[in-house]
Amino acid sequence: MLTRLAWQLINMDIKEITRILEADIVYGEALNREITKVAAADLMSDVLSFSKEGALLLTGLTNSQVIRTAEMSDIGVICFVRGKKPQKNMLELGKERGIPLLATKLSMYEACGRLYQKGLQGCECN
Amino acid sequence: MTEVTKVQELVYELKLRDVMKKDVFSVAPGMQMSELREIFRTRRISGAPVLDGDRLAGIISIEDFIRWLSDGGKECRISEKMSKRVETFYSDDTLVHALNKMEAAGFGRFPIIDRQTGGMCGIVTKGNIIEALLKELEIDFHEEEIRRYRASHIFEDIRADKSTLIFQYRIAGELSEAGTTSSGLKTTLKRLGFHPDIVRRSAIIAYEAETNVLINAKEGKMVVRVEPAEIYMKIEDKGPGIPDVEKVMEPGFSTAPDWVRELGFGAGMGLPNIKKCSDKMVLNSTVGKGTCLEATVDIRQPQ
């Protein structure tokens with residue numbers, strides 16, 4: 001009971017994220033991920049340098065390097081902004097690695113703002 | 001079921017001093033009420049303890065502030081509007097005691113008093129308690145997993161003066177396929193049961209280096225040597241070489257063409273990233289001959 005309560009208090013699941021970002025689930029309907037942190041970047045090296053394990057990545061980039069980067073830095077969920085849809089080989093790689101993919105029509109700024117407002121934290125630099 | 005019993009165990013075992021937030025932002029009783037607006041807004045907090053020295057004088061919350069505003073907002077000291085009857089806990093109280101009292105009180109922020117000195121030493125919310133419990137559970141779960149799967153025990157079982165595991169990878173192909181080599185290394189290190197932080201750092205080093213090789217030299221090789229104390233990685237290519245080794249270590253310096261940047265790389269963060277992830281890094285390069293990068297990750301002291 002207590003653990004369930006715990007998750008509700010400090011985390012958000014994919015459904016909650018899709019609701020806030022008005023996003024579609026491109027892949028990973030059945031996967032359950034708890035999100036506590038968010039990273040937003042188009043530069044994959046930036047993602048590698050500051051992202052935290054299990055974070056949600058907001059990006060405008062849609063090639064398979066995004067999945068690779070997510071894999072290396074243990075990103076939990078990827079969401080594409082500004083109505084972009086993942087390329088075919090990317091979608092396949094995402095499925096293979098079990099990384100849920102979302103897509104929203106919102107801009108990067110708007111998407112970040114909404115999540116921040118709901119209390120989700122960024123990945124602090126260190 | 002086992003998880004629930006573990007939680008029950010922990011709430012009796014852990015003391016509030018283990019979970020409380022220690023560096024608490026507080027206000028002084030002599031401050032003006034109007035100063036609170038900026039404090040609450042910029043710090044994104046909904047209340048703060050009022051401290052006279054290290055003694056707790058009361059608590060001022062956003063509700064108190066709103067009440068003061070709706071009563072006309074006449075300037076006065078915080079001490080006149082704060083709640084003086086404050087429920088507190090002692091730092092050596094158990095979690096279960098705190099949780100029960102929180103349930104009954106119906107609110108969730110409690111100052112913690114040091115029983116010896118009588119001063120305030122922290123603050124606790126339900127969130128702190130839950131976070132601490134989760135952390136404990138995660139550590140437990142992680143230790144359990146390591147015990148079960150750790151193949152790196154292999155070092156303890158091998159009788160030799162020196163033992164080393166060596167993995168070799170060839171780096172080649174299109175840049176769009178960068179990551180296949182590092183992905184293989186990551187899976188291997190995970191399987192060996194290294195701490196997730198070690199695995200992640202090694203994977204990032206390999207990935208950045210692999211990308212560099214593919215962009216600049218088209219092909220190369222990576223040798224990874226796992227020893228009881230460290231993971232040593234050597235990435236070599238016979239590419240054009242780097243004219244100014246110091247320059248490429250500067251964050252933001254990049255020679256990458258547009259097609260590389262379109263893939264999200266070439267921002268001049270690769271080598272700085274590698275340096276950040278490794279405990280030791282050596283970069284050697286000769287123009288026209290090639291480049292050799294050596295990086296070491298210490299596995300004796302997980303961070």
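User: Over how many bridges do strands S5 and S6 of chain A pair?

Analyst: This is a predicted model, where local features need pLDDT of at least 70 and side-chain atom pairs 80 or more, while totals for chains, interfaces and linings use all residues. Residues are numbered from 1 along each chain as written, chains are lettered from A and ligands numbered from 1 in written order, and side-chain values use heavy atoms, without hydrogens or water. Strands (E, at least two residues) and helices (H or I, at least four) are DSSP runs numbered from the N terminus, and strands pair if DSSP finds at least two bridges between them. S5(A), residues 56-59, and S6(A), residues 77-80, run parallel, with Leu58(A) bridged to Cys79(A), and the number of bridges is 4.

User: Which strands stand at the edges of the open sheet in chain A, and why do they count as edges?

Analyst: The sheet has 6 strands with mixed pairing, in the order S2-S7-S6-S5-S4-S8. An edge strand here has a single partner, so one of its sides lacks a neighbour in the sheet; the two are S2(A) and S8(A).

User: At about what angle does helix H6 of chain A run to S5(A)?

Analyst: H6(A), residues 108-117, lies across S4(A) and S5(A). Angles run from 0 to 180 degrees between N-to-C directions of axes fitted to C-alpha atoms, for helices over the stretch in contact. While helix H5(A) runs at about 80 degrees to S2(A), the angle of H6(A) to S5(A) is about 155 degrees.

User: How far apart are the axes of H4(A) and H10(B)?

Analyst: Contact means heavy atoms within 4.5 Å, and here Gln65(A), Arg68(A), Thr69(A) and Met72(A) meet Arg200(B), Ala203(B), Ile204(B) and Tyr207(B). By class, that makes 4 nonpolar, 2 polar and 2 charged residues. The helices pack at an angle of about 150 degrees, and their axes are apart by 9 Å.

User: Is Lys186(B) buried or exposed, and what is its relative accessible area?

Analyst: Lys186(B) sits in helix H9(B), residues 180-191. Beyond its neighbours within four places in sequence, it contacts Glu71(A), Met72(A), Asp74(A), Val199(B) and Ala203(B). A polar atom of its side chain lies 3.4 Å from the backbone oxygen of Met72(A). Buried means under 20% relative accessible area, exposed over 50% and partly exposed in between, with a 1.4 Å probe and protein chains only; Lys186(B) is buried, at 3%.

Conventions. Ala, Val, Leu, Ile, Met, Phe, Trp, Tyr, Cys and Pro count as nonpolar, Asp, Glu, Lys and Arg as charged, and the others, Gly among them, as polar. A polar contact is a pair of N or O atoms within 3.5 Å; within protein, one must be able to donate a hydrogen and the other to accept it, and residues adjacent in sequence count only if both atoms are side-chain atoms.
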